[in-house]
Structure formats: C-alpha cells, structure tokens
Amino acid sequence: MSDEIVAHLRPRAIALKTLERKEHLFHRDDPVVAMFLVTEGCVKLMRYQENGSPAVLQRSTPGTIVAEASLFSGHYHCDAIAVTATQAFAVPVGEVRRLLNEDRAFALAWTMHLTRELQNTRKRAEIVSLRTVSARLDAWLTWNDGRLPTKGDWKALADEIAVSPEALYREFSRRRHS
C-alpha cells in the first residue's frame with residue numbers, strides 16, 4: 001500500500017481493532033462498515049467452499065488494506081481471520097468513498113493500489129491453476145525472484161499456493177535430495 005493512501009486513511013480511522021489468533025475481524029455477510037489498515041500481524045481473507053474446504057483469497061500483513069473489494073458492497077464477501085495477534089485501524093467506508101469523490105490524488109493512489117492487487121490476484125490464480133506442487137512452487141519462485149520465505153513462513157506459502165503444508169515440505173525435501 002502506498003504511503004499516500006495511509007496518509008489519507010490513517011487520520012480517518014475511528015478505532016484500533018486488536019485481535020488474537022483465529023479471531024474474526026468480520027464474517028462473510030456482515031454489513032460493510034469499515035475497511036482496515038493492518039499495522040501488526042496477519043489477517044487471512046477466507047471463503048469456504050460448499051464442501052467446507054477453505055480458500056485463502058488474500059493474506060494481509062502490516063501495511064496492507066483489508067476489505068477494499070467490499071467498498072461498494074452491502075456485505076463482506078468473505079471472512080477475515082487473524083493468523084497471528086493482529087492490530088488494524090478501522091476506517092469507515094463512507095470516508096473512503098468521500099475521499100474517492102473529493103480528492104483526485106487519493107483517487108489516483110487508490111486506483112494504482114487496486115491495479116497492483118488485481119495483478120497479484122491474477123498471479124495467484126495462475127499459480128493455483130497449475131496441477132502439481134512442484135509447478136506451483138516453481139511459478140511462485142518465478143514471481144518472487146527465486147527467493148523462498150523464511151522457514152517460519154512456509155505454512156503461509158503453502159496457503160498462498162493452495163497446497164497442504166505437508167505437500168510443500170515433501171517438495172522441499174525432494175528438491176534437497178535431488
């Protein structure tokens with residue numbers, strides 16, 4: 001997220017939300033009242049499929065916005081769940097809409113932000129469309145300059161490429177031994 005967006009939104013925050021691990025920031029179908037600026041921790045946007053399996057739509061870490069896709073919706077389209085202890089500032093959606101209408105610099109920064117988010121979503125869709133763990137990992141590495149996250153973040157990587165942590169660990173082991 002750009003510093004310009006933070007500079008516009010942070011002063012308009014009405015509350016600081018503090019969440020424990022696995023606590024919900026909001027639930028799917030809750031009325032949209034705010035967007036959130038994550039300052040600490042991590043929030044996963046999740047949607048559950050008909051068979052109950054979860055789909056991670058986004059991982060929001062410090063410096064990111066949660067719920068921008070709901071800005072013009074009546075209800076949130078997914079669950080927002082803290083992965084770790086998390087803090088996020090709540091900014092009323094009405095304030096964000098007002099800024100978009102009245103502040104050209106904010107509207108341009110917002111458009112650029114959404115463009116980057118769309119590009120990231122397309123990258124993730126491309127990765128999860130691949131059939132094997134190996135192919136997904138290779139694609140993720142290509143998009144991330146060949147750098148793996150630290151070992152403590154491997155579970156998050158597994159979520160991001162839509163494989164089980166165990167399958168990812170097996171792939172790492174296979175690569176180490178080949």
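This report describes the fold, the nonpolar cores and a few individual residues of the protein.

**Overall fold**

The model is predicted. The protein contains 6 helices and 8 strands. Their order along the sequence is α-β-β-β-β-β-β-β-β-α-α-α-α-α. The radius of gyration is 17 Å, close to the 16 Å that the globule rule gives for 178 residues, so the protein is as compact as a globular protein of that length. The C-alpha trace spans about 55 × 30 × 30 Å along its principal axes.

**Surface and charge**

Of the 178 residues, 37% are buried. The accessible surface of the protein is about 10,300 Å². Carbon and sulfur atoms account for 52% of that surface. The protein carries 25 positive and 22 negative charges.

**Nonpolar cores**

In soluble globular proteins, nonpolar side chains tend to be buried together. Here the largest nonpolar core has 32 residues. Those with the most contacts inside this core are Leu-9, Phe-26, Phe-36, Val-66, Val-96 and Trp-110. Strand S3, residues 34-40, supplies the largest share of the core, with 5 residues. There is also a second, separate core of 12 residues. Its members include Leu-141, Leu-157, Leu-168 and Phe-172.

What does Val-66 touch, beyond residues up to four places away in sequence? Its partners are Leu-25, Phe-26, Met-35, Phe-36, Val-38, Val-43, Leu-45, Ser-60 and Ala-80. Two of these partners, Phe-26 and Phe-36, are also named among the core residues with the most contacts.

| Residue | Relative accessibility | Class |
|---|---|---|
| Arg-174 | 43% | partly exposed |
| Lys-17 | 38% | partly exposed |
| Asp-29 | 53% | exposed |
| Ala-67 | 4% | buried |

Start with Lys-17. It sits in strand S1, residues 15-19. Its contacts, leaving aside neighbours within four places in sequence, are Leu-25, Phe-36, Thr-86, Gln-87, Ala-88 and Ala-90. Phe-36 is therefore a partner of Lys-17, given that contact means heavy atoms within 4.5 Å. Lys-17 and Asn-51 are 34 residues apart in sequence, and their C-alpha atoms are 31 Å apart in space.

Arg-174 belongs to helix H6, which covers residues 165-176. Its C-alpha atom is separated by 9.7 Å from that of Ser-134. Along the chain, Arg-174 and Ser-134 are 40 residues apart.

**Two positive phi angles**

Which residues other than glycine have a positive phi? Asp-29 is one of them, with phi near 80°. Ala-67 is another, with phi near 90°.

Both residues lie in loops. Asp-29 is in the loop between strand S2, residues 24-26, and S3. Ala-67 is in the loop between strand S6, residues 65-66, and strand S7, residues 79-82.

Is each of the two buried or exposed? Asp-29 counts as exposed because its relative accessibility of 53% is over the 50% cut-off. Ala-67 is buried, because its relative accessible area of 4% is under the 20% cut-off.

Methods:
Residues numbered from 1 in each chain as written. Predicted model: local features only at pLDDT ≥ 70, side-chain atom pairs only at ≥ 80, totals over all residues. Heavy atoms only, no water. Helix = DSSP H or I, 4+ residues; strand = E, 2+ residues; numbered from the N terminus. Rg over C-alpha atoms; globule rule 2.2 N^0.38 Å. Buried < 20%, exposed > 50% of the residue type's maximum accessible area, 1.4 Å probe, protein only. Areas by Shrake-Rupley, 256 points an atom, 1.4 Å probe, with all protein chains shown as cover. Lys, Arg positive; Asp, Glu negative; His and termini not counted. Charge placed at Lys NZ, Arg CZ, Asp CG, Glu CD. Core = buried A, V, L, I, M, F, W, Y, C linked by side-chain atoms within 4.5 Å.
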